[in-house]
Amino acid sequence: MVHLEPAGQLFIVSAPSGVGKSTIIGKVLPDCPKMRFSVSSTTRPARPGEVDGKDYHFLSADEFRQGISSGRFLEWARVHSHFYGTDRHIVEKWLGDGFDVLLDIDVQGTRLVRCAHPAVKTIFVLPPSMEVLEERLRGRATETEEQLTVRLAAARREILESSWYDYLIINDDLQEAVEDLRAILRACRASREARSPAVKTFLMSLIDLTITS
Ligand code: ADP
Ligand code: 5GP
């Protein structure tokens with residue numbers, strides 16, 4: 001009999017703004033009852049339709065600074081001139097309770113999380129081209145022209161960092177990108193490291209039997 005022990009896996013999905021990361025994650029999460037999504041905190045103003053507590057915890061600059069000094073964040077970074085951070089307590093509680101946890105954070109945050117959680121699996125979503133990325137950002141119509149320029153310049157730098165991520169998804173056809181993320185999560189859950197705690201008791205009982213027979 002294989003016994004499951006609580007040991008959640010941590011995943012990070014990164015991508016330059018506008019590649020389609022939130023769209024892909026939004027399609028995959030409902031199929032993952034054992035997965036929890038970490039809602040980040042940010043000082044960025046909410047976009048039309050964004051809900052406080054669901055898309056982000058929208059904080060004032062003072063609240064964010066307080067969060068930094070009280071150690072609230074597992075990591076935090078300045079991205080496109082706003083602050084973004086991951087709540088340490090909730091992520092560590094979920095992992096301890098045996099849930100897998102998905103973070104949607106940038107490359108700076110990913111580096112920091114990797115120090116605290118070296119087993120984290122990192123996934124980078126690429127656009128098929130810079131032209132398509134620009135079209136998607138413009139199509140979303142949530143940024144001013146100035147913000148667009150900042151995000152596209154940041155995208156070039158971020159894409160170069162994709163070389164050290166564990167998995168790459170190219171978001172050309174949306175359905176294929178969604179299937180890729182599902183497949184990566186599933187393969188990681190079946191990896192030896194992830195399954196070891198669950199099969200340990202089983203393997204130990206076989207070792208005892210082999211020695212005594
Ligand atoms: P991100 O979370 O990476 O900033 P979004 O998920 O908001 O990006 O997607 C940016 C825009 O691109 C949205 O308007 C979304 O509907 C669109 N989009 C996402 N993936 C695709 C795709 N594969 N093909 C065409 N449009 C897409
Ligand atoms: P947006 O403003 O488009 O929602 O997000 C901008 C960027 O901030 C994205 O690359 C997103 O992944 C990143 N981001 C969102 N939350 C966090 C976070 O908690 N920490 C870090 N480091 N980056 C984040």
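**Exercise 1.** Work out whether arginine 47 counts as buried or exposed, and find out how far apart its closest N and O atoms are in the salt bridge with glutamate 50.

*Solution.* This is a predicted model, so keep that in mind throughout.
- Step 1: Look up the relative accessibility of arginine 47, which is 16%.
- Step 2: Compare that with the cut-off: buried means under 20% relative accessible area, so arginine 47 is buried.
- Step 3: Turn to the partner. Glutamate 50 pairs with arginine 47 in a salt bridge, and the closest N and O atoms are 3.8 Å apart.

**Exercise 2.** Find the arginine whose side chain meets that of glutamate 50 at 3.0 Å, then decide whether arginine 44 is buried or exposed.

*Solution.* 
- Step 1: The side chain of glutamate 50 meets that of arginine 44 in a salt bridge, with 3.0 Å from N to O.
- Step 2: Arginine 44 has a relative accessible area of 6%, so it goes down as buried.

**Exercise 3.** Describe the salt bridge between aspartate 87 and arginine 72, and say where in the chain each partner sits.

*Solution.* 
- Step 1: Start with the distance: the closest N and O atoms of aspartate 87 and arginine 72 are 2.9 Å apart.
- Step 2: Now place them. Aspartate 87 belongs to strand 6 (residues 82–87), while arginine 72 lies in the loop between helix 2 (61–69) and strand 5 (73–79). The two are 15 residues apart, and the pair links distant parts of the chain.
- Step 3: Check the exposure of each. Aspartate 87 is buried at 13% relative accessibility, whereas arginine 72 is partly exposed at 28%.
- Step 4: Zoom out to the network. Arg44, Arg47, Glu50, Arg140, Glu143 and Arg151 are joined into one network by salt bridges that share partners. The structure holds 15 salt bridges.

**Exercise 4.** Which residues have the most contacts inside the largest nonpolar core, and which element gives the largest share of this core?

*Solution.* 
- Step 1: The largest nonpolar core has 24 residues, and Ile123, Leu181 and Leu185 have the most contacts inside it.
- Step 2: Elements giving two or more residues to this core include strand 1 (10–14), strand 8 (121–126) and helix 7 (174–189). Helix 7 supplies the largest share, six residues.
- Step 3: Pick one member and look around. Beyond residues up to four places away in sequence, leucine 181 touches Val13, Ile24, Ile25, Val28, Ile123 and Ile169.
- Step 4: As a general pattern, nonpolar side chains tend to be buried together in soluble globular proteins.

**Exercise 5.** How many residues surround ligand 1, and how much of the ligand's accessible area does the protein cover?

*Solution.* 
- Step 1: Ligand 1 is surrounded by 13 residues, the closest being Gly18, Ser22, Thr23, Arg140 and Asn171.
- Step 2: Go through the backbone. One polar backbone atom of glycine 20 is 2.9 Å from an oxygen atom of ligand 1, and one of lysine 21 is 2.8 Å from an oxygen atom of the ligand. For leucine 174, a polar backbone atom is 3.4 Å from a nitrogen atom of ligand 1.
- Step 3: On its own, ligand 1 has 570 Å² of accessible area, and the protein covers 72% of that.

**Exercise 6.** Compare the surroundings of serine 40 and histidine 57.

*Solution.* 
- Step 1: Serine 40 is in the loop between strand 2 (35–37) and strand 3 (41–42), and histidine 57 is in strand 4 (residues 57–58).
- Step 2: Serine 40 is buried at 8% relative accessible area, while histidine 57 is partly exposed at 27% relative accessibility.
- Step 3: Leave out residues up to four places away in sequence. Among the residues that serine 40 touches are Tyr56, His57 and Asp104. Histidine 57 touches Val39, Ser40, Ser41, Thr42, Asp52 and Asp87.

Technical notes:
Residues are numbered from 1 along each chain as its sequence is written. Chains are lettered from A and ligands numbered from 1 in the order in which they are written. This is a predicted model: local features need pLDDT of at least 70, side-chain atom pairs count only at pLDDT 80 or more; totals for chains, interfaces and linings use all residues. Side-chain values use heavy atoms; hydrogens and water are left out. A nonpolar core is a set of buried Ala, Val, Leu, Ile, Met, Phe, Trp, Tyr and Cys residues joined through side-chain atoms within 4.5 Å. Buried means under 20% relative accessible area, exposed over 50%, partly exposed in between (1.4 Å probe, protein chains only). Helices (H or I, at least four residues) and strands (E, at least two) are DSSP runs, numbered from the N terminus. Contact means heavy atoms within 4.5 Å. A salt bridge is a side-chain nitrogen of Lys or Arg within 4 Å of a carboxyl oxygen of Asp or Glu. A residue is near a molecule or strand if one of its heavy atoms lies within 4 Å of it. A polar contact is a pair of N or O atoms within 3.5 Å; within protein, one must be able to donate a hydrogen and the other to accept it, and residues adjacent in sequence count only if both atoms are side-chain atoms. Accessible areas come from the Shrake-Rupley method with a 1.4 Å probe; for residues, only the protein chains shown count as cover.
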